[in-house]
Amino acid sequence: MRRLFADWLALGTAVVVIAMSVLFAFLRTSSELH
Amino acid sequence: MQSRFVVRSIIWTALYLFFILGPMFALLAGSHPPVRDFWTEFSAAIGYAGLAMMGLQFGLTARLRFVTEPWGEDVIYHFHRQMSLIAVGLVVAHPIILFVIQPERLALLNSFTAPWRARFAALSTYSLIALVVMALWRVKLNLRYETWHVTHIVLAVLAVGAGVAHMVGWSFYLADPWKRALWIFFALFWIALLLYIRIIKPFFMLRKPYRVAEVRRERGDSWTVAMQPDGHAGFRFRPGQFGWLTMGSTPFKITGHPFSFSSSAAADGGRVEMTIRNLGDFTSEIGDIPVGQRVYLDGPYGAFTIDRNPADMHVLIAGGVGITPMMSIVRTLADRADKRPVILLYGNKDWDRVTFREELDKLKQRLNLTIVHVLEKPPAGWTGEKGFINAAVLERYLPPPFADHEYYICGPDVMMDAIESALSQLGVPLSKYHSERYSFV
């Protein structure tokens with residue numbers, strides 16, 4: 001069960017990192033950061 | 001989990017995310033290179049994040065006690081493993097997206113004609129893939145643990161080193177000198193984490209050797225190795241914790257092995273004991289260790305201890321050699337003259353292989369201890385429990401309400417999964433389970 005917690009933590013990290021990568025790309029391609 | 005550990009685990013999780021995302025978002029400060037399409041920028045972002053994740057893997061296995069303490073090493077190693085899969089996913093997706101957007105970039109895969117920055121990218125990606133494949137299928141590939149461990153470190157350094165070389169060589173986002181300096185600082189920080197566990201920590205251990213004081217044969221093809229600090233006071237551990245044992249004359253050996261302490265944590269003089277079962281690998285040589293042999297112990301580690309969870313009674317559930325941390329717990333409770341009830345459910349294949357069974361019987365005189373042996377292959381005339389420890393066995397021996405007790409579980413993975421599922425059936429909340437998976441490396 002404790003390993004299940006680690007699984008969720010890893011999955012959560014992946015989701016946050018991908019979401020932040022989308023944000024990074026969005027900010028770069030938005031007018032402010034050209 | 002105690003509230004101080006909850007707070008610490010939240011802080012460390014936030015810092016972990018910051019160390020992945022911070023260097024990436026720092027690239028958005030200062031001057032910017034020409035903008036590209038969304039998917040190219042997304043591909044660059046996951047490349048940077050994947051590289052930072054790979055670098056931080058050195059930190060997860062650096063045995064930094066103040067970091068791992070809230071979770072326990074087995075959870076951290078499992079997280080390390082899962083994060084390597086995510087990192088390889090990001091690192092592989094990074095070029096695939098670029099190839100889909102602009103198929104002519106596929107020419108970069110030809111290492112004979114590609115520029116150095118692309119060669120480094122290929123080396124990093126191939127090293128990472130090889131590393132993950134070898135980690136996932138080490139047993140199926142029939143790799144010795146020691147060989148795998150050295151290869152694992154070499155591939156990890158190659159993957160991160162070549163990744164950094166690719167990033168600096170491409171230099172698209174690193175035109176500003178401070179951005180280049182920032183990423184080089186992070187790369188040095190990752191290498192420092194590796195050097196800490198491989199060079200700095202062993203250097204300090206060099207001054208604190210142990211000598212093997214006794215090697216005792218136990219039931220169940222197991223050996224107890226007693227070790228005495230040589231010229232220093234040793235360390236104190238909590239019952240249930242473990243240490244990394246490095247055999248031989250140097251602590252700089254790449255491979256140490258984690259073993260639970262089986263002796264009482266209340267013992268004076270720094271003497272510690274580990275009980276090790278012959279599993280056919282290097283453990284088959286434990287019985288041949290000569291008394292007086294120099295060894296090095298790195299510890300204590302682990303969140304699996306009764307001292308972190310105050311309770312009116314303890315339920316210990318052990319399978320096979322998973323008895324070792326339980327033995328430390330019951331010996332410590334006996335030395336502390338602790339009269340709280342303890343129920344030990346102890347699963348084994350057969351009666352002859354029940355490690356410590358005689359001593360456990362004697363400990364009943366000093367403790368409020370109930371022992372339930374569960375045998376897979378009981379001898380003729382056996383009237384005790386047969387088969388495996390399951391929900392029915394737990395219900396027969398544990399006083400309700402089941403959710404009020406603290407449960408400590410240690411044994412083979414299959415057994416632990418079954419027990420955790422049985423406890424869930426009995427309505428025991430997750431916060432009451434405490435488990436240690438000794439097969440975490």
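Trainee: A crossing is left-handed if the near helix is turned anticlockwise from the far one by less than a right angle, and right-handed if clockwise. Which hand is the crossing of H5(B) and H6(B)?

Mentor: H5(B) and H6(B) make a left-handed crossing. This is a predicted model, in which local features need pLDDT of at least 70 and side-chain atom pairs pLDDT 80 or more, while totals for chains, interfaces and linings use all residues. Residues are numbered from 1 along each chain as its sequence is written, with chains lettered from A and ligands numbered from 1 in the order in which they are written.

Trainee: At what angle do the axes of H5(B) and H6(B) cross?

Mentor: At roughly 155 degrees, and the axes (lines fitted to C-alpha atoms, for helices over the stretch in contact) come within 7 Å. H5(B) is therefore roughly antiparallel to H6(B), a term for angles over 145 degrees. The residues of their contact comprise 17 nonpolar, seven polar and one charged.

Trainee: Which residues of H5(B) are buried?

Mentor: They are B:Ala118, B:Phe120, B:Ala121, B:Ser124, B:Thr125, B:Ser127, B:Leu128 and B:Leu131. Buried here requires 20 or more other C-beta atoms within 10 Å of the residue's own.

Trainee: Against which helices do they pack?

Mentor: The buried residues of H5(B) pack against helix H2 (38–60), helix H4 (73–101) and helix H6 (145–170) of chain B.

Trainee: How far apart are the axes of H2(B) and H4(B)?

Mentor: The axes of H2(B) and H4(B) are 8 Å apart, and the packing angle is about 155 degrees. The two helices are therefore roughly antiparallel to each other. H2(B) also passes H4(B) in a left-handed crossing. Their contact residues comprise 18 nonpolar, eight polar and no charged.

Trainee: Changing topic, how many helices and strands has chain B?

Mentor: Chain B has eleven helices and twelve strands, taken as DSSP runs (H or I, at least four residues; E, at least two). Its C-alpha atoms fill a box of roughly 80 × 50 × 40 Å along the principal axes. Of the 441 residues in chain B, 37% are buried.

Terms used
Buried ≥ 20, exposed ≤ 12 C-beta atoms within 10 Å, placed from the backbone. Contact = placed C-beta atoms within 7 Å. Axes fitted to C-alpha atoms, helices over the stretch in contact; angles between N-to-C directions. Parallel < 35°, antiparallel > 145°, perpendicular 65-115°, else oblique. Nonpolar A, V, L, I, M, F, W, Y, C, P; charged D, E, K, R; others polar.
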